[in-house]
Amino acid sequence: MTTTAARAASLTKIYGEGEAQVVALDGVDISIDQGRFTAIMGPSGSGKSTLMHCLAGLDSVSSGQVWIGDVDLTALKDKALTALRRDKVGFVFQSFNLIPTLTAQENITLPMDIAGTKPDQQWVDLIIDTVGLRSRLDHKPSELSGGQQQRVACARALASRPEIIFADEPTGNLDSRSGAEVLGFLRRSVDEFGQTIVMVTHDPNAASYAQRVVFLADGRIVDEMADPTAERVLDRMKRFDIEGNPTADPVS
Amino acid sequence: MLRASLRNLVAHKLRLFLTALSIVLAVAFVAGTYVFTDSLRASLDTLIQQNQPDVTVRPAAADFSPEFQGAGEVLTVPTELTGAIEDVPGVVMASPQVLVPNVVILDDGKPLGAETGGFTGGTAIGGDWPDDAFNPNTIAVGEPPVGAGEVAIDTGTADQLEVAPGDTVTLLLPSGERRDFTISGTTEPRAGSNFGVSFVYWAFPAAQELLLQPGQATSIAVLAEPTASQQVIADGIRPLLPTGLEAITGEQIASQVSEQLDSGLGFLNTFLLVFAIVSVFVATFLIYNTFSMLVAQRTRELALLRAIGASRGQVLRSILAEAVIVALVASLLGIVVGAGVARGLQLLFQAAGAPFPSAALVFQPRTIIVALTVGLVITLASAILPARRASVIPPMAALRDEQPRTRGLGRRTVIGGFLLGAGVGLAVMSPQLAEYGTTNAAIMAGVGALCVLIGVLATAPELARPAAAAIGSPFRGVVGRLARGNTRRNPRRTAATAGALTIGVALMSAISVLAASTQASVAGIVDDVIGADFVVTGYGFQPFSGEVSAAIRATPGVAEVAVVKQAPARAPGTGDTLITGVDPQDIQRALSLTATEGSLDDLTGGTVALDSETAAEIGAGVGTVVQVLSVVGPVDLEVVMVYEAAGGFTGYVVDLPTARELGASQQDNVVYVVKETEADATSVEADLNLALEPFPNVQVLDQSAFKDSIGDQIGQLLNFLFALLVLAVLIALLGIVNTLALSVFERTREIGLLRAVGMLRNGIRRTIVLEAFIIAVFGAVLGMVIGVAFGALLQRILASEGIEKFAVNGAQLALFLALAAVGGVLAALWPAWRGSRLRILDAIATE
Ligand SMILES: Nc1ncnc2c1ncn2[C@@H]1O[C@H](COP(=O)(O)OP(=O)(O)OP(=O)(O)O)[C@@H](O)[C@H]1O
Ligand SMILES: [Mg+2]
């Protein structure tokens with residue numbers, strides 16, 4: 001039996017007003033299963049990032065509700081929301097994931113340092129070994145390669161054992177080999193540690209690491225797919241183009 | 001490209017504002033200084049122009065510097081000359097006048113304003129109420145004084161006393177007599193201001209009787225026919241005058257006074273400009289820092305411009321054009337704010353006791369030209385380096401580069417190190433130069449200190465990393481770690497921001513050390529030199545009646561009394577000075593002066609004792625005859641003793657009869673009192689106070705009170721200097737605001753990330769505030785080290801001038817440090833608030 005790690009009900013997000021109004025999310029209902037690796041795909045501008053930000057409590061919603069576990073995020077004030085992000089959510093962004101003045105080690109334990117809690121050293125060691133960064137712990141981000149930086153970011157996201165990790169195109173800036181390393185690591189954390197992960201991606205290949213793919217177009221969920229492979233995802237994506245989605249840009 | 005510059009300026013209003021603000025403040029100080037002195041000058045000019053009779057007959061040789069005038073005997077003119085003068089062709093009227101400088105207005109038995117001190121120290125100018133034709137004043141309320149029992153007083157004094165016509169005022173006359181008078185009216189000047197000086201007027205006969213002898217006046221004012229030449233009339237009067245008197249035209253007096261004012265105000269102007277230059281120097285730092293940051297942030301944008309075909313020169317010019325626009329706007333604003341600064345200076349001087357009027361402000365073209373030039377030059381000088389740096393970056397390099405990298409510090413550090421070494425060398429050697437004159441040594445020390453300062457500022461980036469780590473080390477946790485990291489990531493920026501504060505704190509510390517040393521030395525001298533148990537002085541160091549010393553002599557328990565008189569003179573080696581008159585026997589019981597040559601016992605009529613410093617300067621020794629110009633004319637004096645100057649006791653010393661001959665007044669300036677050895681000090685002091693009750697204008701100070709009274713004066717001067725440095729420190733703090741605001745802007749993404757992974761707004765704020773704290777403490781400590789060292793150096797150089805002891809006011813220095821830290825924290829509040837308000841998503845959104 002699966003439980004729900006995060007959930008959104010009739011989630012709507014509108015940017016701007018009047019003429020310039022953009023409906024980025026249009027009544028989205030979604031639930032994220034615990035212990036599973038979910039990918040969100042869709043053409044550019046379809047609202048993937050917006051959905052992730054709203055689910056993660058980084059942005060306010062225009063209407064609808066969002067839960068992480070059984071906490072309703074839309075009812076929380078900034079302080080409580082910040083604490084919830086710190087304690088229950090991990091993040092990996094496409095770029096600029098690390099604080100340049102801190103070492104890799106310090107970046108990994110940053111959320112716990114902010115919370116003032118003691119990291120579980122065994123767990124942190126396990127993660128560091130899994131991402132293979134032991135020899136780089138005292139390096140500053142500027143002394144690490146892009147792939148290494150993203151691995152540090154993944155390690156940070158995992159280190160505090162969050163209930164859920166959100167990743168927005170974590171491999172968007174990486175070459176295919178480093179990308180595969182990072183994705184493989186994310187998948188392992190799901191398989192071996194039971195971590196819940198939601199990942200936004202453009203890349204069918206990346207999506208194939210997930211266990212479930214949700215397709216977004218024009219701020220609505222239009223399809224989903226279980227146990228995806230790169231080919232099936234690519235096929236599905238091509239159909240968006242053929243359907244002539246007005247906001248769709250050619251996917252690289 | 002000009003359009004691009006303008007767009008840029010408009011697009012970044014905030015940054016523009018911050019850059020401009022520092023220029024505004026620096027320019028405002030410069031402009032304010034000029035406006036202040038020009039306004040003062042203008043208000044004095046109206047006074048001089050309006051108040052001169054066509055011709056004045058007065059005692060000759062009355063043109064000593066104003067601070068020495070009135071210190072000696074009141075010289076007089078016989079009134080009987082009036083008739084003869086009126087017979088001179090072209091003269092309409094001649095009128096004898098009385099004006100003496102030392103009438104004391106009593107308020108509840110104490111001299112009015114004595115407590116607050118100030119220039120006049122409770123003393124009023126007393127005179128007759130002249131005929132309208134000669135009267136620079138008018139009656140504001142009431143009537144002119146009539147008879148022997150009535151006076152008119154100036155409105156300001158009446159307000160202070162809270163009296164009105166019809167009330168009574170108690171006066172202490174120069175003769176020592178205390179009398180009540182009825183106030184007939186209050187007066188106000190026809191033009192200008194009284195400059196805070198109190199005035200008391202009687203009808204002429206009463207003034208003559210109370211202040212002078214029958215048949216005497218202090219001058220005779222002459223009214224000429226409108227068509228007559230002042231010069232011709234003066235020439236006509238001159239043959240009538242006995243020797244010692246002169247007839248001088250109104251124009252001559254005006255130009256004489258003008259000259260004195262020019263030199264006095266010139267000094268004041270230079271003095272204030274020195275502080276203004278400090279502010280400008282500090283502001284230059286800030287502007288340079290801001291432009292560096294702005295350009296660094298725009299590197300990619302500029303590179304894009306280059307990539308699409310803008311030339312190097314175009315990029316350079318666009319940045320400089322931006323700088324010129326900012327400089328012009330800010331300088332104009334600075335001139336406007338300068339009016340506020342001028343007003344502030346007026347208030348500051350008033351608070352320090354200088355009675356400068358709050359007159360209308362004068363903007364001369366010169367002020368505006370200087371202010372604009374200063375603003376343009378410092379802004380362009382600050383912008384040119386960053387602009388050059390930006391223009392030489394190859395376009396692709398800049399586009400690729402995410403974060404502008406700090407370049408090596410090598411060359412700068414080497415030059416800085418060299419300057420530092422040279423500066424220390426100069427400074428260390430400078431005390432040796434003191435033999436050849438302290439001014440030279442002080443200049444050398446100053447140049448050394450400047451080299452050290454610039455050297456330290458140049459090498460400061462190297463220091464910034466370890467210093468930031470050390471200062472930040474007590475702060476544990478992420479906040480501490482982040483703040484330390486932020487101050488260390490761009491050491492140049494940290495150093496430049498802190499450097500501005502370093503300059504201000506260095507100056508304040510040096511002044512503090514010098515003042516503490518002076519105080520300690522004075523106290524030491526009082527201990528070593530003054531054997532007297534009590535010192536009796538007038539409030540505000542005004543002279544007092546001879547009856548005081550008589551009353552002291554009659555007090556039980558008093559063993560020795562030594563009286564000191566002063567006579568204004570112009571003497572070789574000292575310029576305008578006061579010659580001290582003492583009784584050689586008495587004074588040796590009260591003071592222990594060290595003779596380097598001769599003996600004070602030989603001091604008799606026509607001889608003089610000289611301090612060694614002055615003696616060396618004019619090459620005099622025992623036996624040399626020196627000529628001094630006194631109020632009664634040139635006098636030859638033979639040197640019989642050379643002594644070591646001890647604190648306030650310096651310069652020319654003669655015996656009492658000679659002092660009188662030189663024009664010292666009948667009044668005394670200081671009385672030293674030695675008690676009988678077995679007498680109890682407390683009871684003698686009580687007896688003295690009792691005996692001196694009839695003389696409310698004098699105070700009895702025991703040794704420690706005497707030290708305190710000198711200490712108070714130094715403290716007052718100190719506060720005044722600190723107030724002038726405040727603006728420089730404010731600009732430095734503004735620099736912290738600026739740097740942090742721009743840093744926060746630069747770190748938008750980083751802050752967003754921290755917020756995303758769970759840092760509360762408060763955490764962001766604390767990080768930024770702590771960063772400011774580290775920068776401020778770093779700058780202040782650096783400044784303090786330099787300042788204390790420089791202060792110590794100056795003390796050594798000035799040791800021969802009497803500042804023999806080195807002392808540090810630890811509490812004061814600690815206060816500076818605390819204030820700098822608090823200032824830094826306050827400076828961070830706004831950037832911190834902004835940082836904490838940044839939208840998280842702005843940070844995460846990829847470009
Ligand atoms: N801050 C904003 N203000 C106004 N409109 C916005 C804002 N952020 C996003 N949008 C709009 O909302 C829609 C969804 O944007 P979102 O960033 O979620 O798309 P996305 O699916 O992540 O696209 P991409 O694949 O390009 O990252 C877009 O049309 C976008 O223009
Ligand atoms: Mg996106």
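Into which domains is chain B divided? In this predicted model, chain B has domain 1 (1-55 + 249-405), domain 2 (56-248), domain 3 (463-531 + 703-847) and domain 4 (543-696). The contact between domain 1 and domain 3 of chain B takes 22 residues from domain 1 and 25 residues from domain 3. On the domain 1 side, α2 (13-51) and α7 (250-297) of chain B each supply at least two residues. The largest share of that side belongs to α7(B), with 13 residues. Sorted by class, the domain 1 side that touches domain 3 holds 16 nonpolar, five polar and one charged residues.

A helix pair is described by the angle between the two axes and the distance between them. The table puts two pairs side by side.

| Helix pair | Angle between axes | Axis distance | Handedness of crossing |
|---|---|---|---|
| α13(B) and α23(B) | roughly 155° | within 9 Å | right-handed |
| α21(B) and α23(B) | about 140° | 11 Å | right-handed |

Helix α13 of chain B covers residues 438-472, and its axis crosses that of α23(B) at roughly 155°. Angles over 145 degrees count as roughly antiparallel, and α13(B) and α23(B) are therefore roughly antiparallel to each other. By class, the residues of their contact are 21 nonpolar, two polar and no charged.

Helix α21 of chain B spans residues 703-746 and packs against α23(B) at an angle of about 140°. That angle makes α21(B) oblique to α23(B). From α21(B), the contact is made by Ile736(B), Leu740(B) and Val744(B), while α23(B) brings Ile768(B), Glu771(B), Ala772(B), Ile775(B) and Ala776(B). Seven nonpolar, no polar and one charged residues make up this contact.

## A sheet in chain B

Chain B also contains an open sheet of four strands in the order β3-β13-β1-β14, with antiparallel pairing. Its edges are β3 (91-97) and β14 (245-249) of chain B; each has a single partner strand, so one side of each is left without a neighbour in the sheet. From one strand to the next, the twist averages 20°. Strand β13 (residues 219-224) of chain B is joined to β3(B) by six bridges, and Val91(B) stands opposite Ala224(B) in β13(B).

Which strands does helix α6 (residues 230-237) of chain B touch? This helix packs on the sheet against β1 (55-59), β3, β13 and β14 of chain B, and its direction makes about 165° with that of β14(B).

Strands β1 (residues 4-15) and β4 (residues 63-68) of chain A run antiparallel and are joined by five bridges; Thr12(A) has Ser63(A) in β4(A) as its bridge partner.

Where the two chains meet, 25 residues of chain A are in contact with 23 residues of chain B. On the chain B side, α14 (477-489), α22 (748-756), α23 and α25 (840-844) each give two or more residues. The largest share, seven residues, comes from α14(B). By class, this side of chain B has 11 nonpolar, six polar and six charged residues.

Conventions:
Residues numbered from 1 in each chain as written. Chains lettered and ligands numbered in written order. Predicted model: local features only at pLDDT ≥ 70, side-chain atom pairs only at ≥ 80, totals over all residues. Domains from an automatic or database assignment. Contact = placed C-beta atoms within 7 Å. Nonpolar A, V, L, I, M, F, W, Y, C, P; charged D, E, K, R; others polar. Pairing = 2+ DSSP bridges. Axes fitted to C-alpha atoms, helices over the stretch in contact; angles between N-to-C directions. Parallel < 35°, antiparallel > 145°, perpendicular 65-115°, else oblique. Left-handed = near helix turned anticlockwise from the far one by under 90°.
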